[in-house]
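Here are my notes on this model, point by point. Please read them with the structure open.

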Amino acid sequence: MEGSSLKEKTNINITSIREAFPILKRKVNGKNLIYLDNAASSQKPLSVIDAISEYYSNEHSNVHRGVHYLSQLATEKFEIARSKISTYINAAETRELIFTKGTTDSINLVANSLGRTLQAGDEVLITEMEHHSNIVPWQIAVNDHGAKLVVARIHDDGSLDLEDFYKKLSPKTRISSLVHISNALGTINPIKEIAKAVHEYGGLLLVDGAQSAHHMKVDVQKLNCDFYVGSGHKMYGPTGIGFLYGKAHLLEKMHPYQSGGEMIADVTFEKTTYQQLPFKFEAGTPNISGAIGLGAAVDFIQSIGIEKITEAESELLNYIQLKLSEVDGIRFIGTAKEKAGVVSFLIDGVHPYDIGAIIDKMGVAVRTGHHCTQPLMKRLNIPGTVRASLAVYNSKQDIDILTESVIRASKMLRK
């Protein structure tokens, strides 16, 4: 089996890992499921599913508010999850980890709160490879406050044009916000180097970590970013939960994004005093089961080892690029030297949607379209791509079947 060679080289047991994911046993259109849509959302191991089930079966209560046993138990589990995620990304303090609905919610929180401080003449610097969720919130923020959105170019291979990025940095740059790993291209950006440059101009840096938190080791202190955001459902956890990391001294100065219960210390009709971090930014009853599930997802990742996951996925990335090169008329979109487990491609004369629809009949799940990066697609002058994205449970056999399916679909569509 191809999976056995993966085990020998990367020292992970792919068979055991796949056994942890119940959904990988199901059939789609009578075929074994080959799931390669992980950049959109990864599947969930049984340990995550069980953690959520256990909470609702035996531990459910609201958190932080009750003196009774279940409330204290739920609070303990919720805060343990916060501590796990904080430790996983190496935040300096647990209170720097805010639970949100996900990456989009986290970016909106920062854009809304910091947006209040923007003035005419200020600039927000992003890049051409950003997801819509790292474009639109900043558009709203600058438009509301008379500031300007500045966009750094990318090279044709999908790598960031660092010369253009640094050229566009200036004392006017209040905030720079960019992706760690591009969801459409797989490009890995040099965040540590970028953070140094942004800070030299007195700006703040937000990193969209939706595609990096589960693919590579993330140390927010070493990166020296000011904010880092992620989504649980992309890192083997539940939907509707994510996190915002922010340096404590910045979060303390920021105005709450939402208000209501839980985030207040004292309320009168004349004045409200807000809670301390992290609760100041967690209005209302939180997604308790989601946080617990995300904590279990972090446990799952750490049980394998993030370095081993990175190594295994790097080997798979090389393999998938090699195998798909066998497809006549294929053109890879995003060929940067520093790249993670995302392969986007087009086949001459074939619309990407048609490829995706046909290989779905063969049990292969990929993503087609613009991947919420319409400005990027416009920059590359393409309608969209077929995107295959990897996770730790994918095998070389998955890639062999993907390649066979794409070749068959291509032959059918190019007649």
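1. Contact here means heavy atoms within 4.5 Å. With neighbours within four places in sequence set aside, serine 133 is in contact with Thr104 and Ile107. The model is predicted, so local features need pLDDT of at least 70 and side-chain atom pairs count only at pLDDT 80 or more, while totals for chains, interfaces and linings use all residues. Residues are numbered from 1 along each chain as its sequence is written, and side-chain values use heavy atoms, with hydrogens and water left out.

2. Where does serine 133 lie? Serine 133 sits in the loop between strand E5 (123-127) and helix H6 (136-145). Helices (H or I, at least four residues) and strands (E, at least two) are DSSP runs, numbered from the N terminus. Serine 133 counts as buried because its relative accessibility is 10%. The cut-offs for relative accessible area are under 20% for buried, over 50% for exposed, and in between for partly exposed (1.4 Å probe, protein chains only). The serine 133 side chain makes a polar contact with the side chain of histidine 131, at 3.0 Å. A polar contact is a pair of N or O atoms within 3.5 Å; within protein, one must be able to donate a hydrogen and the other to accept it, and residues adjacent in sequence count only if both atoms are side-chain atoms.

3. Phenylalanine 243 belongs to strand E10 (residues 242-246). Its relative accessible area is 1%, so phenylalanine 243 is buried. Leaving out residues up to four places away in sequence, phenylalanine 243 touches Ile85, Ile89, Leu97, Ile98, Thr100, Ser106, Tyr228, Val229, Gly230, Met235 and Leu294. Serine 231 is 12 residues away along the chain, and the two C-alpha atoms are separated by 6.6 Å.

4. Helix H4 (residues 69-88) and helix H11 (residues 288-304) pack at about 40 degrees, with axes 8 Å apart. Axes are lines fitted to C-alpha atoms, for helices over the stretch in contact, and angles run from 0 to 180 degrees between N-to-C directions. H4 and H11 are therefore oblique to each other. Angles under 35 degrees count as roughly parallel, over 145 as roughly antiparallel, 65 to 115 as roughly perpendicular and the rest as oblique. The H4 and H11 crossing is left-handed. Left-handed means that the near helix is turned anticlockwise from the far one by less than a right angle; clockwise is right-handed.

5. Helix H13 (residues 352-360) and helix H15 (residues 396-413) have axes that come within 9 Å and cross at roughly 120 degrees. H13 and H15 are therefore also oblique. Their crossing is right-handed. H13 contributes Asp354, Ile355, Ile358 and Ile359; among the H15 residues are Leu402, Val406 and Met412.

6. The peptide bond from leucine 277 to proline 278 is cis, with omega near 0 degrees. Proline 278 is in the loop between strand E12 (272-274) and H11. Asparagine 29, between strand E1 (27-28) and strand E2 (31-32), has a positive phi near 55 degrees. Asparagine 29 is partly exposed at 46% relative accessibility. Cysteine 372 has a positive phi of about 60 degrees. Cysteine 372 lies in the loop between strand E16 (367-369) and helix H14 (374-380), and is partly exposed at 33%.
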